[in-house]
Amino acid sequence: MKTVTVKGVKGFRDVLPDEAEQRCRIRDAAIGVLERYGYREIELPMLEKVELFSRSVGATSDIVEKEMYAFDDRDGAVVALRPEGTASVVRAYLEAGMSRSTPIARLYYHGPMFRRERPQKGRFRQFTQVGAELLGRDDPESDAEAICMVADMFAAAGIDGIRIEINSLGDAACRPAHRDALVAFARDRIDELCKDCRNRLDRNPLRLLDCKQEACSRAMADAPVMLDFLCEACNAHHARVLELLSNVGVEVVPNPRMVRGLDYYCRTAFEIVAPGLGAQDAVGGGGRYDGLVAELGGPDMAGVGFALGIERMQLAAGQQPAAAGATQILVAPLGDDAAAPALELARRLRLAGCTVELGQSGRKLKAQLKRADKEGVRHVIIIGEEELATGKATVRDLVSRQDHAGCFALADPTEAIVSELERHAAAAGG
Ligand code: HAM
């Protein structure tokens with residue numbers, strides 16, 4: 001019978017061990033910062049009702065219109081794999097009654113998100129975010145603190161050279177005037193705009209400001225921007241955020257054309273850009289979303305947050321040398337009789353905190369050593385006929401290439417065995 005190899009799904013990738021370790025380091029560094037800022041983890045489901053995203057991210061956003069993995073569940077509910085985390089955090093906050101019990105909540109999450117975009121460098125259909133949401137605070141200090149946290153997270157992950165771009169998107173009071181001016185400006189140039197922008201003109205005109213098509217950028221180069229339409233309150237909020245950031249020395253770059261692809265933002269919006277990543281150079285983004293809690297059926301409560309993309313952070317961190325294999329010790333049994341004592345010794349060493357691989361008793365010593373070399377193992381503990389007869393193990397140090405016959409007795413306490421191995425490693429210089 002002909003066998004067929006089953007491959008993975010386009011845009012969904014495997015993370016192999018070397019890469020997984022780097023991702024873990026980046027994620028843990030980011031989470032460490034979040035915890036020091038007083039954020040606590042919330043674990044959210046990957047499946048939500050589609051309605052949650054159409055009412056938050058926006059029915060006319062690209063994410064909801066074109067990119068969601070949405071389907072009818074067997075009971076008729078229309079559900080989607082989550083494309084982002086903010087909407088779920090707000091839903092969970094309301095569902096758990098936190099708007100009453102913990103009105104000011106600092107929550108973080110991490111995990112996979114799903115968007116059916118065209119895969120390219122830095123863009124996947126399943127990707128990973130670390131995100132943070134602060135609910136219940138509407139003051140500019142919380143925006144400034146969120147941006148400080150972002151800067152600290154990149155520093156902790158060892159990624160430098162990023163740029164934090166900032167804008168204000170106004171609020172319900174000042175946005176309509178900007179929208180009208182923008183639509184009027186675009187209508188006068190409608191023939192120069194791409195099909196997508198013509199489509200967006202009435203439904204989501206803000207997106208015309210950040211269309212990547214050259215003809216559109218040219219046509220919209222002098223389009224009215226929100227900053228020129230801010231009401232007094234939004235203007236004061238924005239000025240205070242900038243002032244606070246300048247006081248703490250966190251550099252931000254104004255970008256009046258940045259609009260973000262999700263509809264729930266108001267006032268502060270920011271994006272973190274890593275130059276050199278090509279078309280997908282946004283390594284994170286966020287902002288304020290004061291109307292969202294009410295939009296999802298809760299009280300009138302403010303919110304601010306952001307999410308960082310782990311895959312793009314990895315690209316920005318650059319290729320790091322592959323970590324050596326994790327195993328420090330190989331216990332190499334030679335022959336059937338050595339199998340049980342080897343299994344026991346390996347287990348004892350692991351309980352004492354060592355990372356140990358157990359060799360195969362049926363394989364020759366040479367083959368076991370070859371594998372140990374490849375895995376970057378430091379010590380090989382050999383248990384063969386002679387070792388069983390004397391009750392003492394031979395240790396081969398793969399750095400000094402020396403054999404230490406009778407290095408320790410198999411009956412020795414585990415701590416004594418570990419310190420003997422450490423003593424040999426130190427004598428060999430490392
Ligand atoms: P977002 O800008 O849509 O914001 O996504 C945040 C980050 O996720 C992006 O900057 C990027 O690094 C990463 N990302 C997005 N799509 C992809 C993709 N297809 N492949 C790889 N990485 C991707 C949000 O999701 C908001 N929920 C952020 C937020 C939280 N705003 C307020 N609170």
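Visitor: Which strands each supply at least two residues of the shell around the ligand?

Guide: Welcome! Strand E6 (126–135), strand E10 (282–288) and strand E11 (303–309) each do so; strands (E, at least two residues) and helices (H or I, at least four) are DSSP runs, numbered from the N terminus. This is a predicted model, where local features need pLDDT of at least 70, side-chain atom pairs count only at pLDDT 80 or more, and totals for chains, interfaces and linings use all residues. Residues are numbered from 1 along each chain as its sequence is written, and side-chain values use heavy atoms, with hydrogens and water left out.

Visitor: Which strand gives the most to the shell?

Guide: That is E10, with six residues.

Visitor: How many residues surround the ligand?

Guide: A residue is near a molecule if one of its heavy atoms lies within 4 Å of it. Here 27 residues surround the ligand, and the closest are Glu84, Glu117, Phe124, Glu133 and Tyr265. The shell divides into eleven nonpolar, nine polar and seven charged residues (Ala, Val, Leu, Ile, Met, Phe, Trp, Tyr, Cys and Pro count as nonpolar, Asp, Glu, Lys and Arg as charged, and the others, Gly among them, as polar).

Visitor: Where does the ligand have N or O atoms of the protein at its side?

Guide: Look for pairs of N or O atoms within 3.5 Å. The side chain of arginine 115 has an N or O atom 2.9 Å from a ligand oxygen. A polar backbone atom of valine 283 is 3.3 Å from an oxygen atom of the ligand, and a backbone N or O atom of phenylalanine 306 lies 3.2 Å from a ligand nitrogen. Taken alone, the ligand exposes 650 Å², of which the protein buries 96% (Shrake-Rupley method, 1.4 Å probe).

Visitor: What describes two packed helices?

Guide: The angle between their axes and the distance between the axes. Axes are lines fitted to C-alpha atoms over the stretch in contact, and angles run from 0 to 180 degrees between N-to-C directions. Helix H13 (residues 336–351) and helix H16 (residues 414–427) pack at about 80°, with axes 10 Å apart. H13 is therefore roughly perpendicular to H16, a label for angles of 65 to 115 degrees.

Visitor: Which residues of H13 and H16 meet?

Guide: Leu345, Arg348 and Leu349 in H13 meet Thr414, Ile417 and Val418 in H16, where contact means heavy atoms within 4.5 Å. These residues divide into four nonpolar, one polar and one charged.

How values were computed. Polar contact = N/O pair within 3.5 Å; in protein donor to acceptor, adjacent residues only side chain to side chain. Parallel < 35°, antiparallel > 145°, perpendicular 65-115°, else oblique.
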